[in-house]
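Open the model in a viewer and keep the sequence panel beside it. Each stop below gives a selection and then what is found there.

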Amino acid sequence: MSDVITTQDRAAPAPDGTLPKLAVRGLVKTRRSTSGALVTAVDHVTFDVHVGEFVCLLGPSGCGKTSILNVLAGLDEP
């Protein structure tokens with residue numbers, strides 16, 4: 001990832017001008033499979049969560065939902 005932050009990388013303010021309570025930018029998580037191959041579990045995920053919003057992660061089994069939550073909770077490193 002680049003160290004340069006562009007306006008596209010910055011958190012988008014809500015209509016009332018407030019910044020999000022949670023801003024995730026370009027989250028990537030890789031793991032080693034049982035065979036030793038490097039597997040990308042989460043690939044450049046970006047989203048904002050503003051005050052009063054309800055957010056739900058939906059997707060099929062193995063798509064990275066739990067990996068995202070584990071990184072956000074501090075249980076895994078990105």
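Start by selecting L27, which is found in strand β1, residues 22-32. The model is predicted. Is L27 buried or exposed? Its relative accessibility is 8%, so L27 counts as buried, the limit being under 20%. Now show the residues around the side chain. Leaving aside residues up to four places away in sequence, L27 touches V42, D43, H44, V45, I68, V71 and P78.

Next, colour β1 together with strand β2, residues 38-49. The two strands pair in the antiparallel sense, over eight bridges. For one of the pairings, pick R32 and look across to β2, where its bridge partner is L38. Then move to the turn. The hairpin of β1 and β2 has five residues between the strands. Within this hairpin, select G36, which takes a positive phi near 95°.

Now turn to charged side chains. How many salt bridges does the model contain? The count comes to two.

For one of them, select D48 and R25, whose side chains meet at 2.6 Å, N to O.

Because D76 lies in the segment after α1 (65-73) and R31 in strand β1, the pair ties together parts that are 45 residues apart in sequence. Check the surface at both ends. D76 counts as partly exposed at 21% relative accessibility, and R31 is partly exposed as well, with a relative accessible area of 34%.

The last stop concerns cysteines. Select C56, which has 48% relative accessibility and therefore counts as partly exposed. Then select C63, which is also partly exposed, its relative accessible area being 37%. How many disulfides are there in the model? The count is zero.

How values were computed
Residues numbered from 1 in each chain as written. Predicted model: local features only at pLDDT ≥ 70, side-chain atom pairs only at ≥ 80, totals over all residues. Heavy atoms only, no water. Helix = DSSP H or I, 4+ residues; strand = E, 2+ residues; numbered from the N terminus. Buried < 20%, exposed > 50% of the residue type's maximum accessible area, 1.4 Å probe, protein only. Contact = heavy atoms within 4.5 Å. Disulfide = S-S within 2.5 Å. Pairing = 2+ DSSP bridges. Salt bridge = Lys/Arg side-chain N within 4 Å of Asp/Glu carboxyl O.
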